[in-house]
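Me: I would like to learn how to read a protein fold from its model. Could you take me through it feature by feature?

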Amino acid sequence: MGGIDRPYIDDETLHEILEHSMHGELKYTLMNDFLAKYSLQKDLFALKGLLAALLDLELYEIYSIEIKNPITPGEYIQDKDCILDIRLELNNHSIINIEIQTRFQAYWAERSLLYLSKNFDHLKEGESYKQLKPCVQIGILDNDVFHPQDPRYTGELYARYRMLNVKTHTEYTGKFEIRVLSLKNIEHASEAEKEKPNGVYQWAKLFAAQTWEELKMVAEKNERMQSFVGTVRQLSAEERVAQVCEARRKYLSDMATLKECLEDVTKQLEEETEKVKKESERAKKESERANEAEKKAKEAEEEIKKESARADQAEEEIRRLRQQLEKNSLAFPC
């Protein structure tokens, strides 16, 4: 069924039946990584449209898409912690990796760089470095890569990162690139992004949709988006696919809950640690004050001893003077 230039569901009657069943809130949005990946690997017609938007290409420039890590629902029902990225080779020339992520990852920048590096390391024994293919790591994220307080934060809808000379800003190589589509920043899209037909703004809205009505409205003027929505509707109705989607949803929900619990525990530990630290500092200051008082007491004691010794010496001197006076009195009586 289908191909890169033919919809996965090419039966108009079936498509109409599916469309009539698209009502209400989505049980699984397109940010369900399994549902999105499985649908895109089935619907290369839709995937071609998505790649054209993400890579700034015209549709005619894409003539070959090969999924390098295809999945089947049964393989992942138990393996809920798998990484569901889409690794593909485009036009037998470029390696593209697409990852869908709904949870904020504190080290996503490093993680994406690791994935990119692994894909870039694809030369076979005996091949020349000249044969290295361009690699692009693409993240479709619910959040942003960086927190707003981070100096690297830009607030862009679609950000691109490449290797540049820090002084001249000239490109080091065009074969190594990371791109990030942040659904959180849809409202920050530029006018140019909004006006570009079939561009990343429209696809971002599609992935961010929460109802079937939203999906249909966004996809209304884009046949590849329409194909994607139809494919998602058909596949999500299959029991084995729904099982994995639910497992992924539950797993991510549990992970989010666990993260919140860990954050609460971490916060409590930090508060306790800060409390203990303050108590320790207070005890240290008290100890220092006690030591200082003890030192002063010892100094005072030493001073008293010295004063006592001086008093004894003075008393001894007075006694000596009296004795001398008595001797003088006897020697020279009045």
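Reply: Let's start with strand pairing: two strands count as paired if DSSP finds at least two bridges between them. Keep in mind that this model is predicted. With that rule, S2 pairs with strand S3 (residues 94-101) through five bridges, and the two run antiparallel.

Me: Which residue of S3 is the bridge partner of arginine 87?
Reply: The partner of arginine 87 is asparagine 97. S2 and S3 also form a hairpin with three residues between the strands, where asparagine 91 takes a positive phi near 55°.

Me: How many bridges join strand S1 to S2?
Reply: Three bridges link S1 (residues 65-67) with S2, and these strands run antiparallel. Across that pairing, isoleucine 65 stands opposite leucine 90 in S2. S2 itself (residues 86-90) is mostly covered, with four of its five residues buried.

Me: What is the order of the strands in the open sheet?
Reply: Six strands make up the open sheet, in the order S1-S2-S3-S4-S6-S5, and the pairing is mixed. S1 and strand S5 (158-164) are at the edges with a single partner strand each, so one side of each has no neighbour in the sheet. From one strand to the next, the twist averages 20°.

Me: In which sense do S4 and S6 pair?
Reply: Strand S4 (residues 135-141) and strand S6 (residues 171-182) are parallel, paired over seven bridges. Here isoleucine 138 stands opposite arginine 179 in S6.

Me: Which strands does helix H5 lie across?
Reply: Helix H5 (residues 108-120) lies across S2, S3, S4 and S6, and runs at about 130° to S6.

Me: Which residues of H3 and H7 meet?
Reply: From H3 come Ala46, Gly49, Leu50, Ala53 and Leu54, which meet Val200, Trp203 and Phe207 of H7. Sorted by class, this contact has seven nonpolar residues, one polar and no charged ones.

Me: Now for charges. What should I look for?
Reply: The general idea is that side chains of opposite charge can pair when their charged atoms come close. The cut-off used here is a side-chain nitrogen of Lys or Arg within 4 Å of a carboxyl oxygen of Asp or Glu. By this rule the model has 27 salt bridges. One of them joins aspartate 10 to arginine 6, with the closest N and O atoms 2.4 Å apart. Aspartate 10 is partly exposed at 38% relative accessible area, and arginine 6 is partly exposed at 48%.

Me: Where in the chain do glutamate 89 and lysine 133 lie?
Reply: Their side chains meet in a salt bridge at 2.9 Å, N to O. Glutamate 89 lies in strand S2 and lysine 133 in the loop between H5 and S4, so the pair ties together parts 44 residues apart in sequence. Glutamate 89 counts as buried, at 10% relative accessibility, whereas lysine 133 is partly exposed at 24%.

Me: Which residues do salt bridges with shared partners join into one network?
Reply: That network takes in Asp56, Arg160, Arg162, Glu171, Glu177, Arg179 and Lys196. Within this group, arginine 160 and aspartate 56 meet in a salt bridge of 3.6 Å, N to O. The pair links distant parts of the chain, with arginine 160 in strand S5 and aspartate 56 in the loop between H3 and S1, 104 residues apart.

Terms used:
Residues are numbered from 1 along each chain as its sequence is written. This is a predicted model: local features need pLDDT of at least 70, side-chain atom pairs count only at pLDDT 80 or more; totals for chains, interfaces and linings use all residues. Side-chain values use heavy atoms; hydrogens and water are left out. Contact means heavy atoms within 4.5 Å. Ala, Val, Leu, Ile, Met, Phe, Trp, Tyr, Cys and Pro count as nonpolar, Asp, Glu, Lys and Arg as charged, and the others, Gly among them, as polar. Buried means under 20% relative accessible area, exposed over 50%, partly exposed in between (1.4 Å probe, protein chains only). Axes are lines fitted to C-alpha atoms, for helices over the stretch in contact, and angles run from 0 to 180 degrees between N-to-C directions.
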